Amino acid sequence: MGRSELDKMKNGHWYTCLDPELERMRDRARNAVHRHNTTAPEKRGAIAPELAALLASVGQDTMIEAPFHCAYGINITLGDAVYLNAGCIILDTGPVSIGDRSMLGPGVHVYCAEHHKEVAKRRAGLEVARPVRIGQDVWIGGGAILPAGISIGDGAIIGAGSVVTRDVAAGATVAGNPAREITA
């Protein structure tokens, strides 16, 4: 018997996202995200228990502002004192780790899936998951986009609206589309 689509996804192999097991997992995530996004205003920033239980791990003093969206949740690891501002989207088909004290501005998008380049295979839902790693003490400005396979080093700064198309070194500041290093 072949491996499940979930196993393929977790191991970085091509899989079909149209799989019923994966759809059930996305439904579970949608429900947890809905619960989080409809939390009473006096509790905003706190992570709804359903969402916290879904995530791979959540550090102390971490906040996720509503609205928030994730694909599965199970692949997201958040360090201590991480802050996700309103409108962040993490499509976590692959592992997404965000280090301690990192801050994501409003509307930051993190994508792990790469869809197949061949039309017929794309129609069949074939994609591959690539991890995204965000180090400690990173600041990502609002509206930035981090596609699949990107790594952001500790202490880096990503300018608002940037599209990060390659890894960012520790301590570097990048901005633009595509994001390029800015020197002082």
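Where does H116 lie? In this predicted model, H116 is placed in the loop that runs between β11 (113-115) and α4 (119-123). The residue counts as buried because its relative accessible area is 13%, under the 20% limit. Its side chain reaches the backbone nitrogen of E118 at 3.0 Å. Beyond its neighbours within four places in sequence, H116 is in contact with W14, K121, R122 and L126.

The largest nonpolar core has 37 residues, and the residues with the most contacts inside it are L51, F68, L84, I98, I140, L146 and I152. At least two residues of this core are supplied by each of α2 (20-37), α3 (49-54), β4 (68-70), β5 (76-78), β7 (88-91), β8 (96-98) and β13 (132-134). The largest share, 3 residues, comes from α2. A second, separate core of 9 residues includes L6, C17, Y72 and A129.

A disulfide is a covalent bond between the sulfur atoms of two cysteines. A search of the whole structure finds 0 disulfides. For C88, the nearest cysteine sulfur is that of C70, 12 Å away. With a relative accessible area of 1%, C88 is buried. C112 likewise takes part in no disulfide, and the nearest cysteine sulfur to it, that of C70, is 11 Å away. C112 is buried, with a relative accessible area of 0%.

The sheet architecture follows. Strands of a sheet pair through backbone hydrogen bonds, either parallel or antiparallel. Here, 7 strands form an open sheet in the order β3-β6-β9-β14-β17-β18-β19, with mixed pairing. Its edge strands are β3 and β19 (179-181), each of which pairs on one side only. Within this order, strand β17 (residues 157-158) and strand β18 (residues 173-176) pair in the parallel sense over 2 bridges. I158 has V174, in β18, as its bridge partner.

Several loops show particular backbone geometry. Which peptide bonds are cis? The bond from A66 to P67 is cis, with omega near 0°, and P67 is found in the loop between β3 and β4. A cis peptide bond also joins N177 and P178, with omega about 0°; P178 belongs to the loop between β18 and β19.

A81 has a phi of about 55° and is found in the loop between β5 and β6 (83-84). Its relative accessible area of 34% makes A81 partly exposed. D137 has a positive phi of about 60° and lies in the loop between β13 and β14 (139-140). D137 is also partly exposed, at 38% relative accessible area.

A81 leads on to Q60. Leaving aside neighbours within four places in sequence, Q60 is in contact with D80 and A81. Q60 sits in the loop between β2 (57-58) and β3 (63-64). Is Q60 buried or exposed? Q60 is exposed, because its relative accessible area of 61% is over the 50% limit. Q60 and I157 are 97 residues apart in sequence, and their C-alpha atoms are 23 Å apart in space.

Notes: Residues are numbered from 1 along each chain as its sequence is written. This is a predicted model: local features need pLDDT of at least 70, side-chain atom pairs count only at pLDDT 80 or more; totals for chains, interfaces and linings use all residues. Side-chain values use heavy atoms; hydrogens and water are left out. Helices (H or I, at least four residues) and strands (E, at least two) are DSSP runs, numbered from the N terminus. Buried means under 20% relative accessible area, exposed over 50%, partly exposed in between (1.4 Å probe, protein chains only). Contact means heavy atoms within 4.5 Å. A nonpolar core is a set of buried Ala, Val, Leu, Ile, Met, Phe, Trp, Tyr and Cys residues joined through side-chain atoms within 4.5 Å. A polar contact is a pair of N or O atoms within 3.5 Å; within protein, one must be able to donate a hydrogen and the other to accept it, and residues adjacent in sequence count only if both atoms are side-chain atoms. A disulfide is a pair of cysteine sulfur atoms within 2.5 Å. Two strands pair if DSSP finds at least two bridges between them.
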